[in-house]
Amino acid sequence: MIARIDSYPDHPVLPDPGRRKLLAGVGGLLLGTALTGCAAPLPEEEPFDPTTLVYPPPPETPRFYYDRTIWGSNSVIEESSTDRWRRFATGESTRGRGMAKPYGVVARDGRVFVSDTVGRRVHVFDYPRKRYYTLGTRGLGSLRKPLGMAADDAGKLYVVDNTTKRVMVYDLEGNYLTALGADSGLERPVGIAVTPDGDRIYVVETGGVRSQSHGVQIFDGRGNKLRAVTTRGTGEGEFNLPLDAALGPDGNLYVLDTGNFRVQVLDREGNFLRAFGKAGRFPGQFGHPKGIAIDREGKVYVSDTTFGIFQIFNNQDQVLMVVGNRSDNGGPGKFLLPAGISVDVDGRIYVVDQFFRKTEVFRPAAVPEDWPVGQVVA
């Protein structure tokens, strides 16, 4: 199913989340040329049709390919004979240590960090070094309910802990460094964005039905609170149940204003610039947007749990593509509760699905199939 942007009034609606028999082919919608340790059993993979894993499907020119699915530790480490024997003896899944309820994701030069709200940790899949480890499980750096994450260019990972109402800071090896925001009045922190030099930290407050603190709190690199942009409402610079934020290469902050079905763009100091999106079932509209990411070219990626997809917008806020299908079988390219989303330097897209406890990876068509994960493409 393909439609072009010049036929916008006629192009198809997004999948109806209430129908058992879901519409097929949404992942191929091209609208322009300008995209724990928990022991719970993991879902089994089902057969799939490889022709559905190209976006958009033939005869259109491919823009993205399904690359892989990250289920657990064995998605990155090579299984040894000892591992195989242990798995045989214990009945452990072939996927190794899985994720209980993944939420956020950060892809950084081939290292993929996935927060786990039930596992109370961050899983790290280090592709360049073929290793797996976790962080946030010991001592002062212990996590209670990790949600959104961000990384700066100095090698620091910032993790929002919704329960302790703090931002936990680690190095990329998982060593705890410090915590920010404990005395700043954070109520329900959920998302975060950090400038490359780490001198501005933007924490998203999702608020609640009874709270009026919906928006973004701005801190300096030492954790000092600079400003709160947290007025609840529907006007410019007002928010309703925001969930995530990301910084663009233009230095502007893109806030996922979920309850208002839009993305609001703010400048570095938190002043309103513009907004795009609205409620609806057409491409460029939102049902329940949950995660946002921006690549090096300024394209914006937004996951949507209502439709089981993510959408890609150019830096003029125009929708380019819709990728994915809502489904209850968990196969490649299929989602039920997509949440966090991230784009690495090589252009690969990482999308978390909370229900199926997986992270899907999509590769740009310009990146060769055997290109090393996390390396910049010349």
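Which residues are linked with Asp67 in a network of salt bridges? Select Asp67, Arg68, Asp346, Arg348 and Arg363: these five make up the network. Keep in mind that the model is predicted.

**Stop 1: inside the network**

Zoom in on Asp67 and Arg68. They form a salt bridge, with the closest N and O atoms 2.7 Å apart. Now colour by accessibility. Asp67 counts as buried because its relative accessibility is 17%, under the 20% cut-off. Arg68 has a relative accessible area of 26%, so Arg68 is partly exposed.

**Stop 2: two more pairs**

The count for the protein is 18 salt bridges. Pick Asp220 and Arg222 next. Their closest N and O atoms are 3.5 Å apart, and the two form a salt bridge. Asp220 is buried, at 10% relative accessibility. Arg222 is exposed, at 66%.

Then go to Glu297 and Lys299. Here the salt bridge has its closest N and O atoms 2.7 Å apart. Lys299, at 14%, counts as buried.

**Stop 3: the largest pocket**

Show the pocket surface. The largest pocket has a volume of about 860 Å³. Its lining counts 43 residues, and those closest to the centre are Arg108, Ala151, Val194, Leu247 and Ile294. Select these five to centre the view.

Next, show the elements that give two or more residues to the lining: β4 (102–108), β8 (146–151), β12 (189–194), β16 (244–247), β20 (289–294) and β26 (338–343). Which of them gives the most? β4 does, with 6 residues. Colour the lining by class: 25 residues are nonpolar, 9 polar and 9 charged.

**Stop 4: Ala179**

Move to strand β11, residues 176–180, and select Ala179 within it. Ala179 is partly exposed, at 25% relative accessibility. Leaving aside residues up to four places away in sequence, Ala179 touches Arg166, Val167 and Met168. Draw a distance from Ala179 to Arg166. The two lie 13 residues apart along the chain, and their C-alpha atoms are separated by 6.4 Å.

**Stop 5: the whole protein**

Zoom out and switch to cartoon. There are 28 strands and 1 helix. The protein has 378 residues, and 57% of them are buried. Finish with the surface. The accessible area comes to about 15900 Å², and carbon and sulfur atoms account for 49% of that area.

Key
Residues numbered from 1 in each chain as written. Predicted model: local features only at pLDDT ≥ 70, side-chain atom pairs only at ≥ 80, totals over all residues. Heavy atoms only, no water. Helix = DSSP H or I, 4+ residues; strand = E, 2+ residues; numbered from the N terminus. Buried < 20%, exposed > 50% of the residue type's maximum accessible area, 1.4 Å probe, protein only. Contact = heavy atoms within 4.5 Å. 1 Å grid on protein atoms, 1.4 Å probe; cavity = no way out; pocket = protein on both sides within 12 Å on 5 of 7 lines; lining within 4 Å. Points joined across faces, edges and corners; volume = space filled by probe spheres on them. Nonpolar A, V, L, I, M, F, W, Y, C, P; charged D, E, K, R; others polar. Areas by Shrake-Rupley, 256 points an atom, 1.4 Å probe, with all protein chains shown as cover. Salt bridge = Lys/Arg side-chain N within 4 Å of Asp/Glu carboxyl O.
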